[in-house]
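Take a look at the model below.

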Amino acid sequence: MKKIAFITGATSGIGWATAVALAKVGYRIIATGRRAERLDALRKEIDQEILPLVFDVRDKQAVKAAVASLPTEWQQIDVLLNNAGNAHGLAPIQDGDELDWEMMLDINVKGLLYVSKEIIPLMLQQQAGHIINIGSVAGKEVYANGNVYCASKFAVDALTQGMRLDLNKSGIKVSEVNPGLVQTEFSEVRFKGDKERAETIYQGFQPLRAEDIADLITFMVTRPAHVNLAEILILPTAQASATTVKKAY
Ligand code: NDP
Ligand code: 8X3
C-alpha cells in the first residue's frame with residue numbers, strides 16, 4: 001500500500017515542491033491550501049493520486065471538517081508536513097500592524113496546532129506516523145524587525161519539542177526543518193505583493209530553492225523506522241546566520 005503525506009501550504013513554494021518530490025517516490029498526497037486553482041495545477045503536475053483539500057488553517061471548524069471528510073482509504077496518514085505559514089510585514093515592534101501580528105500567530109502557530117490536533121488521533125490509531133514542522137532560522141535567532149514572525153517560529157520550535165515528548169510512547173516521529181533564505185513567494189507575501197522589494201532579498205547570492213527543502217524532507221521520511229532526524233538547520237552556503245549573508249557584489 002502506498003504511503004500518504006498530508007501537506008499544508010501545498011499551493012506554493014516548499015509545500016508544492018515537497019508534494020512533487022514525495023509523489024515521485026511513491027507517496028499519495030493530500031494537498032491543502034486556500035487557493036483551489038493552485039491545487040488543480042498541482043494535480044496536473046503530479047502523476048500520482050492526489051486529494052486536494054481547500055481550507056484556511058486559521059478556521060478551526062474548516063480544519064475539522066476537511067480532515068473529517070477524508071475517505072477511509074485516505075485516513076492512514078504516514079507524514080504530516082506542517083508547512084503553511086508566512087511572514088506578514090517587517091517592522092520595528094513599535095510600528096507593527098496588529099493585523100499582521102494576528103495573521104502570523106493565527107496561521108504559523110494556531111493553524112499548525114489545529115491541523116495537528118485533527119491528524120494526531122489518526123496517527124495514534126496506527127501507532128506510527130511522522131510529523132514534520134517547518135520552523136526557520138528565525139525560530140533560532142531573532143533579527144531586527146522580525147519580532148513577531150520570529151516569535152511565531154520560536155513557538156513552532158517549542159511545539160515541536162513538546163510534541164516529540166508527548167508522542168514519544170506512541171511510535172510517532174516528530175521533526176523540525178529550519179530553513180534559512182529560500183526563494184519562494186515568502187517575501188512577496190511579507191511585502192504585501194511588492195515583487196521588486198521581494199526580489200532584493202535574494203539578490204547577490206544563491207538562495208536555497210524550494211526543491212532543496214523538498215529533497216531534505218524526502219530524505220528524512222525515507223530513513224529506517226528507528227531513525228528520526230529530529231531537527232535540521234538548512235542554510236544557503238552564502239548564509240552563516242539569520243543576518244549574515246555573503247553577497248557577491
Ligand atoms: P510561500 O508563500 O511560497 O508558501 C506559503 C504556503 O502557505 C502557501 O501554500 C499558502 O497557501 C500557505 N498558507 C499561508 N497562509 C495560509 C492559511 N491561512 N491557510 C492555509 N494555508 C496557508 O512560502 P514558503 O514556501 O517559503 O513557506 C512555507 C513555510 O516555510 C512557512 O511556514 C515559512 O514560514 C517557512 N519558511 C520559509 C523560508 C523562506 O525563506 N522562504 C525560510 C524558513 C521558513 P495559500 O495562500 O494558497 O493558502
Ligand atoms: C524565513 C527566513 O530569514 O526571511 O523564515 O525570516 S527569514
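Predicted model: local features only at pLDDT ≥ 70, side-chain atom pairs only at ≥ 80, totals over all residues.

Residues are numbered from 1 along each chain as its sequence is written, while chains are lettered from A and ligands numbered from 1 in the order in which they are written.

The protein chain has 8 helices and 9 strands. Both are DSSP runs numbered from the N terminus: helices are H or I with at least four residues, strands are E with at least two. The radius of gyration is 17 Å, close to the 18 Å that the globule rule gives for 249 residues, so the chain is as compact as a globular protein of that length. Here the radius is taken over C-alpha atoms, and the rule is 2.2 Å times the number of residues to the power 0.38. Along the principal axes, the C-alpha atoms fill a box of roughly 50 × 40 × 35 Å.

Next, contacts, meaning pairs of residues whose C-beta atoms, placed from the backbone, lie within 7 Å. Take those between residues at least 6 apart in sequence: 70% join residues at least 24 apart.

Buried residues make up 42% of the 249 residues. A residue is buried if 20 or more other C-beta atoms lie within 10 Å of its own, exposed if 12 or fewer, and partly exposed in between.

Now the core. A nonpolar core is a set of buried Ala, Val, Leu, Ile, Met, Phe, Trp, Tyr and Cys residues joined through C-beta atoms within 7 Å. The largest one has 64 residues, and Ala-5, Ile-7, Ala-19, Ile-29, Ala-31 and Ile-213 touch the most other members. Helix H4 (residues 98-126) gives the most to this core, with 8 residues. Beyond four places in sequence, Ala-31 is in contact with residues including Ile-7, Ala-19 and Leu-42. In soluble globular proteins, nonpolar side chains tend to be buried together.

Turn to ligand 1. Around it are 29 residues, of which Gly-9, Gly-13, Arg-34, Gly-85 and Phe-186 come nearest; a residue counts if its C-beta atom lies within 6 Å. Helix H1 (13-24) and helix H6 (186-190) each give two or more residues to this shell. H1 gives the most, with 3 residues.

Finally, Leu-159, in helix H5 (residues 147-166). Is Leu-159 buried or partly exposed? Leu-159 counts as partly exposed because it has 19 C-beta neighbours inside 10 Å. Leaving aside neighbours within four places in sequence, Leu-159 is in contact with Leu-112 and Asn-133.

Note on methods
Contact = placed C-beta atoms within 7 Å.
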